[in-house]
Amino acid sequence: MVEGLQNRYGIEVKGLSKIFGPNAANLAHLLENGVTKAELNERHGHVLGLKDINISMPAGGIQVIMGLSGSGKSTLIRHINRLVEPTCGQILVGDADVVKMSERELREFRRHKTAMVFQKFALLPHRTVLENTVYGLEIQGVLRATQIKSAMHWLGRVGLTGFEQSYPNQLSGGMQQRVGLARALTNDAPILLMDEAFSALDPLIRVDMQTILLDLQKEIRKTIVFITHDLDEALRLGDRIAILRDGEIIQQGTGQQIVLEPADDYIMSFVRHVNRGRVVQVETIMTPLNPHDAPSGMATAEAGTLLEDAARRMLSSGVDRLAILDAQGQATGALTLQNVMSAMVASDSATLHVHG
Ligand SMILES: Nc1ncnc2c1ncn2[C@@H]1O[C@H](COP(=O)(O)OP(=O)(O)OP(=O)(O)O)[C@@H](O)[C@H]1O
Ligand SMILES: [Mg+2]
């Protein structure tokens, strides 16, 4: 838990490529000439899993990886703890290169630095909730009393107090996934790898799990790599989002950047139906305020407030102008209810007018 507070484990993926097939090493040179997935498949009978991936995942942040089925999401996350061997590239975690680790170093790294949460929960059916939760610490050889104390703590934090002695098949899917999350947190690793962890859950339960994860993250500050097909989930969870297609990254940035400036038609088709009020922040559309213009008769909101919350604030205080305050409490800009509404309903053919 201490590690979470001062997480030093950012993940730098550099020039990572993966060709699947028996002759992959001999085909690696084709990557430099920009071979596509289709060419590699048709001419050489090999599968291009990933091509020249570069991502810098900040320590203590949530990096979302998005893309359609087969785009390479699982291949990418599985490289981080080297469940897949790269054809070329580097994966730097803290100050170590995972690709260069010996067997022993890799085993230590997997046990102590990473924890995984899976889509299919992967709980052991003959073990109770508590026994499932201590599993990682048991493998690490941690004292039994410490195992139990830590497991009880995290089971409590995910809302499962009272279910410690239940068996997985006595729990709903959402509760089983909370056990999966508690088990991963009990490992006390700085990196959490989540491959479609919430995708099998009903929509309402899924949103609950997102809320639990976001609440916990304020405190645990893990470096989380979260894979999803779902744009709403990506926007809600991701500090940063990378979008893959056919093994290549076609855009990465904050959710707001991706929604406001989709790199191509493919991404445009993803973001077209997004509720911008829940993604765009007030400072993106505010008009800068002259420091001498005292904001009188205005409601205020901090930078980072989402448009929907800004609208709510104006409506509830019965005013139609809002001053935006920076971290020092200085008013740096203003916007009207009209500005907020036009930004929220801007159609994809109309570009949003962005200040600054
Ligand atoms: N072991 C393997 N051998 C050969 N090809 C593979 C292997 N693993 C993955 N692939 C191929 O690599 C590509 C990326 O697969 P991957 O499983 O990473 O996709 P994904 O984005 O996770 O898809 P999904 O959303 O369906 O989980 C696909 O074309 C897949 O067929
Ligand atoms: Mg996958």
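Colleague: Charges to start. How many positive and negative side chains does the protein chain have?
Modeller: This is a predicted model, by the way. The protein chain has 35 positive and 39 negative side chains.
Colleague: And how far apart do the centres of the two sets lie?
Modeller: They lie 5 Å apart.
Colleague: Next, domains. What does the domain assignment give?
Modeller: Domain 1 covers 2-10 + 56-274. Domain 2 covers 277-345.
Colleague: How far apart are their C-alpha centres?
Modeller: The centres of domain 1 and domain 2 are 34 Å apart.
Colleague: How many residues are in contact between them?
Modeller: Six residues of domain 1 touch four residues of domain 2, counting heavy atoms within 4.5 Å as contact.
Colleague: Switching to overall shape. What does the C-alpha trace span?
Modeller: About 65 × 60 × 35 Å along its principal axes.
Colleague: Why does the radius of gyration agree with a compact globule?
Modeller: Because a compact globule of 356 residues would have a radius near 21 Å, and the protein chain has 23 Å.
Colleague: What share of the residues is buried?
Modeller: Of the 356 residues, 48% count as buried.
Colleague: And the surface, what does that come to?
Modeller: The accessible surface is about 17,200 Å². Carbon and sulfur atoms hold 51% of that.
Colleague: Last topic. How many helices and strands are there?
Modeller: The protein chain has 17 helices and 14 strands.
Colleague: What share of the contacts joins residues 24 or more positions apart?
Modeller: That share is 66%, among contacts with a separation of 6 or more.

How values were computed. Residues are numbered from 1 along each chain as its sequence is written. Chains are lettered from A and ligands numbered from 1 in the order in which they are written. This is a predicted model: local features need pLDDT of at least 70, side-chain atom pairs count only at pLDDT 80 or more; totals for chains, interfaces and linings use all residues. Side-chain values use heavy atoms; hydrogens and water are left out. Helices (H or I, at least four residues) and strands (E, at least two) are DSSP runs, numbered from the N terminus. The radius of gyration is taken over C-alpha atoms; the globule rule is 2.2 Å times the number of residues to the power 0.38. Buried means under 20% relative accessible area, exposed over 50%, partly exposed in between (1.4 Å probe, protein chains only). Accessible areas come from the Shrake-Rupley method with a 1.4 Å probe; for residues, only the protein chains shown count as cover. Lys and Arg count as positive and Asp and Glu as negative; His and the chain ends are not counted. The place of a charge is taken as NZ of Lys, CZ of Arg, CG of Asp or CD of Glu. Domain bounds come from an automatic or database domain assignment.
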